[in-house]
Amino acid sequence: MIEWLLHNWEGYVRLRLHGYSPERFLNLCNARGLEVWGLICNRDGDYEFFMTVEGYRRVKPLVRKAQVRLHITGRFGLPFFIYRHRKRWYYGAGIMAFFLVLYVMSLFIWDIQFEGNYRYTYDTLVRFLDTQDIDYGMLKARINCEDLEASMRTSFPEITWVSARVSGTRLLIHIKENEVLSTIPEKDETPCDIVASQPGVITSMVVRQGVAQVCVGDQVEEGQVLVSGRVPIIGDNEEEINAYMVHADADIVARTVKQYEKTFPLLHQERVHTGRRRRGWYMKAGAWSFTFLTPVRGQGEWDYSMEEKQLRLFSNFYLPVYIGAIQGREMAAYERNYREDELKELSKAINYQFVKNLEEKGVQILENNDRIETSVSECRLTGELVTEESIVKTQPAAEPDMNSGGEPGEKPEETITAE
């Protein structure tokens, strides 16, 4: 491969050899160190071979000594190519302009990538870069990676480590977010009661602070007090002598019933593919764009999908040019009633979405029943789920009545009586 490149760079010729002693000529070339390759003997008994331009210039004394004749049958390589196209200077100018444009484009940033971001979205980080005057199409020399790393750590407290580097025409930013809480949340000590967020039957109950007002197995209603934040103080005579307020805290799980209902008309609009397609492509470079679609006859409703790709020369040499393929499908609309199997699938999908939303909130599903009811013009989907979930809800506690000294919300000092 290297020899081929050198031959084309320096130029070489194809020669035809005939005369009194061609073998002697070839031996003389070998003795003088002149490179000869591709040697063949044709039907006329003449030899044909390749030789470099420099070797051909040094071979004239050997031609006379061996009494042979050489004829040039072909000229190859860059020098001869340039000479043949010496009047077509614009070819060379175009090639030089192409490489010049590539060089100029390599001085700018055309792609920005983030790695390791989970809490902060791509759009959030790109907007931050805009505030730092870093954007697509800016000069690479204007980017100070150290300053960018420091500003990102300062602006985003949850980012503990940042690495920014420029590779080719890409700005690569690798970040690591803090996996633990940066601040410890303050404990809420505001006096409050725990009430039921919805009706149900208590199945488990763990009270950490406050006075329980219900027991496991009790039926409770929405808004009913489950744990009171008012803690009474009982005297020796088993009578309440004082009370203080606390922030009620408990884990209470109840069996509840959830229902949903959805009504919709049986007659609906259906869109189907007619079989007609159209294809096209588009190109975008900065604010300029060009789109081409194959022409079609008639007026129809079309759905289009596009796949876009950014051009690049190498793995990290991205260009500010985007190309994409466009595919269109003609759609026709008509009205019809839902079939029985479609109603079942629709009911299953609605039920699945309802159950999924509950499970994402930590609700345990015990029973799941759904039903389909149809009339002449509409359909009603109903469902009933038996669940187990937390029904804890807080509300401000009422101030206690003071029967003796002491301030509301404060624990009275204990008095020790000596016998």
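Predicted model: local features only at pLDDT ≥ 70, side-chain atom pairs only at ≥ 80, totals over all residues.
A polar contact here is a pair of N or O atoms within 3.5 Å, where one must be able to donate a hydrogen and the other to accept it.

Arg170 sits in strand β7. Its side chain makes a polar contact with the side chain of Asp111, at 3.2 Å. Arg170 counts as buried because its relative accessible area is 14%, and buried means under 20%. Beyond its sequence neighbours up to four places away, Arg170 touches Ile109, Asp111, Gln113, Arg165, Ser315, Asn316 and Tyr318.

Now move along to Leu171. Setting aside neighbours within four places in sequence, Leu171 is in contact with Ile109, Asp111, Ile112, Gln113, Ile134, Ile143, Leu148, Arg165 and Val166. Leu171 also belongs to the largest nonpolar core, a group of 21 residues, and is among those with the most contacts inside it, along with Leu129, Leu148, Met152 and Ile173. At least two residues of this core come from each of β5 (111–115), α7 (122–131), α8 (145–155), β6 (159–167) and β7 (170–177). The largest share, four residues, is supplied by α7. There is also a second, separate core of 19 residues, which includes Leu28, Met51, Val53 and Leu70.

Let's finish at Gly383, in strand β21 (residues 378–390). Gly383 has 8% relative accessibility, so it counts as buried. Apart from neighbours within four places in sequence, Gly383 is in contact with Lys258, Gln259, Tyr260, Asn369 and Asp370. For a sense of scale, Gly383 and Arg297 are 86 residues apart in sequence and 49 Å apart in space, C-alpha to C-alpha.

Terms used: Residues numbered from 1 in each chain as written. Heavy atoms only, no water. Core = buried A, V, L, I, M, F, W, Y, C linked by side-chain atoms within 4.5 Å. Buried < 20%, exposed > 50% of the residue type's maximum accessible area, 1.4 Å probe, protein only. Contact = heavy atoms within 4.5 Å.
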